[in-house]
Amino acid sequence: MTILSSALLSPPVADRPLDGARLNGLRAGVLGANDGIVSVAAIVVGVAGANPGRTGVLTAGIAGLVAGALSMAAGEYVSVSSQRDAERAGKVADDELTNPWHAAVASLGAFLLGGFVPLLVALLPWHGAVVPAVFVAVLAALALTGAVSARIGGAHVARAVRRNLVGGSVAMVVTYGIGTLVGLAL
């Protein structure tokens with residue numbers, strides 16, 4: 001059974017507490033995947049709103065994917081390094097210290113994985129319907145990441161899915177609207 005099917009089909013883990021390492025991994029993975037999905041989708045639909053030409057949309061999507069993944073990795077490294085400094089100052093045992101490199105790599109990989117969803121959808125020939133296609137694919141991906149993260153964390157699945165869907169929808173609608181306004185102004 002894969003990790004994904006295991007997370008969806010097995011009972012939630014609310015009966016066993018999450019330790020710091022699992023919480024950091026879950027946070028980095030979920031944040032990275034969701035950010036990749038939403039950021040790249042917002043870039044793709046925003047650019048498509050301004051100019052639906054395939055070249056511009058794909059160029060912006062690829063640039064957003066790479067820039068976002070590197071930004072997430074750097075941000076996680078800096079954030080977890082600060083946490084590790086505080087742990088050291090608090091005399092946490094060396095074998096219990098958080099690892100900034102693990103967080104950075106997890107976040108980078110999760111962002112890339114999530115960001116590939118809207119980018120791959122945008123690569124297909126939609127004949128002017130790239131925005132609705134990306135929107136639907138992104139909502140499906142966000143529902144999946146919300147469900148998986150809730151199951152792993154022992155949280156309420158519907159609440160996590162709803163939170164992901166609302167946040168992602170707002171981001172795409174706003175960036176599409178801004179892209180459309182900018183496209184009209186140019």
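1. Helices here are DSSP runs of H or I with at least four residues, numbered from the N terminus, and this is the sense in which H127 is placed in the loop between α4 and α5. Please keep in mind throughout that the model is a predicted one.

2. On the overall make-up, the protein has six helices and zero strands, so that the order of elements, read from the N terminus, is α-α-α-α-α-α. Of the 186 residues in the protein, 37% are buried.

3. Before turning to the pairs of helices, a word on how they are described: two packed helices are characterised by the angle between their axes together with the distance between those axes. Taking α3 and α4 to begin with, their axes come within 8 Å and cross at roughly 165°. Because angles over 145 degrees count as roughly antiparallel, that makes α3 roughly antiparallel to α4. The crossing in which α3 passes α4 is right-handed.

4. Helix α4, which spans residues 100-123, also packs against α5, at an angle of about 150° and with the two axes 9 Å apart. That angle makes α4 roughly antiparallel to α5, and the crossing of these two helices is again described as right-handed.

5. Helix α5 (residues 130-153) packs in turn with α6, at an angle of about 150° and with an axis separation of 8 Å. The two helices, α5 and α6, are therefore roughly antiparallel to each other, and α5 passes α6 in a right-handed crossing.

6. K91 lies in the loop between α3 (54-89) and α4, and K91 has a positive phi of about 65° although it is not a glycine. Is K91 buried or exposed? K91 is exposed, because its relative accessible area is 73%, which is over the 50% that the term requires.

7. With a relative accessible area of 75%, H127 is exposed.

8. V138 is buried, since its relative accessible area is 1% and the term applies under 20%.

9. Two further pairs are each separated by 77 residues in sequence, namely G109 with G32 and D35 with L112. G109 belongs to helix α4, and its C-alpha lies 7.6 Å from that of G32; G109 is partly exposed, at a relative accessible area of 33%. D35 is found in helix α2, which covers residues 20-50, and its C-alpha atom is separated from that of L112 by 9.5 Å. At 25% relative accessibility, D35 counts as partly exposed.

10. How far apart are G177 and V45, in sequence and in space? They are 132 residues apart along the sequence and 9.0 Å apart in space, taken from C-alpha to C-alpha. G177 lies in helix α6, and its relative accessibility of 27% makes it partly exposed, because it falls between the limits of 20% for buried and 50% for exposed.

11. Which residues make the nonpolar surface patch of about 580 Å²? The patch is made by V166, V170, V174, I178, V182 and L186. One of these, V182, has its place in helix α6 (residues 157-185). V182 is partly exposed, with a relative accessible area of 40%, and it can therefore be counted in a patch, for which a residue needs over 30%.

Terms used:
Residues numbered from 1 in each chain as written. Predicted model: local features only at pLDDT ≥ 70, side-chain atom pairs only at ≥ 80, totals over all residues. Heavy atoms only, no water. Patch = residues over 30% accessible without salt bridge, like charges linked within 9 Å, V, L, I, M, F, W, Y side chains within 5 Å. Areas by Shrake-Rupley, 256 points an atom, 1.4 Å probe, with all protein chains shown as cover. Salt bridge = Lys/Arg side-chain N within 4 Å of Asp/Glu carboxyl O. Buried < 20%, exposed > 50% of the residue type's maximum accessible area, 1.4 Å probe, protein only. Axes fitted to C-alpha atoms, helices over the stretch in contact; angles between N-to-C directions. Parallel < 35°, antiparallel > 145°, perpendicular 65-115°, else oblique. Left-handed = near helix turned anticlockwise from the far one by under 90°.
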